[in-house]
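Please keep the sequence and the structure in view while reading.

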Amino acid sequence: MDYTERQLSEKNHYDKFYSLFRKEYTEKVNLDVVDRSAEKPYNAYWKIYDLLKNNDLSGKRILDCGCGAGEHSIRLAALGLNVYGVDISKMAIECARQRARNHGVEEQIIFSLNTLEKMPFDDKY
């Protein structure tokens, strides 16, 4: 794949980051925000998940641009969404795939190693 100078810099940075912290970024994701097993003070981040939980999400799809190690992708899949996560870092995608397997949601998520400028589908997400 041909990268611009900016893309190559970003790719190299995140490949190095996820290589250094691979263990931490392949462990399970905290799902408190999804299942409310631990109540937190109000913040916009939790509010978004509350709004999503109040809707029928079965069969719905969502795009996670710059998905990194898949934290949001996994939470969204836990809510019932089918997720397409894209990231420029091969190491991030490897971590995300492992995390999805750890949570048993790998069938609901497609993780793609790609740039956002060259995503491989029409505007269906």
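This is a predicted model: local features need pLDDT of at least 70, side-chain atom pairs count only at pLDDT 80 or more; totals for chains, interfaces and linings use all residues.

Just after helix α5, G104 takes a positive phi of about 70 degrees.

- Helix α5 covers residues 90-103, 14 residues in total, and reaches 20 Å from its first C-alpha to its last, which is close to the 20 Å expected at 1.5 Å a residue.
- The buried residues of α5 are M91, A92, I93, C95, A96, R99, A100 and H103, and they pack against α1 (5-20), α4 (71-78), β2 (82-87) and β3 (109-113).

**D87 in strand β2**

- D87, which has its place in strand β2, is buried yet has no salt bridge, the nearest side chain of opposite charge being that of K11, 9.7 Å away.
- The side chain of D87 does reach the backbone nitrogen of S89, at 2.9 Å.
- Leaving aside neighbours within four places in sequence, D87 is in contact with G66, C67, G68, A92, I93, S112, L113 and N114, and of these A92 and I93 are among the buried residues of α5.

**Aromatic rings**

- A search of the whole structure finds 5 aromatic pairs; the rings of Y18 and Y25 have their centres 5.2 Å apart and their planes at 85 degrees, so this pair is edge-to-face.
- Y18 counts as buried because its relative accessibility is 9%, whereas Y25, with a relative accessible area of 26%, is partly exposed.
- Ring pairs link Y14, F17, Y18, F21 and Y25 into a cluster.

Technical notes. Residues are numbered from 1 along each chain as its sequence is written. Side-chain values use heavy atoms; hydrogens and water are left out. Helices (H or I, at least four residues) and strands (E, at least two) are DSSP runs, numbered from the N terminus. The expected span of a helix is 1.5 Å times one less than its number of residues. Buried means under 20% relative accessible area, exposed over 50%, partly exposed in between (1.4 Å probe, protein chains only). Contact means heavy atoms within 4.5 Å. Lys and Arg count as positive and Asp and Glu as negative; His and the chain ends are not counted. A salt bridge is a side-chain nitrogen of Lys or Arg within 4 Å of a carboxyl oxygen of Asp or Glu. A polar contact is a pair of N or O atoms within 3.5 Å; within protein, one must be able to donate a hydrogen and the other to accept it, and residues adjacent in sequence count only if both atoms are side-chain atoms. Rings of Phe, Tyr and Trp (its six-membered ring) pair if their centres lie within 6.5 Å; planes under 30 degrees apart count as stacked, over 60 as edge-to-face and the rest as tilted.
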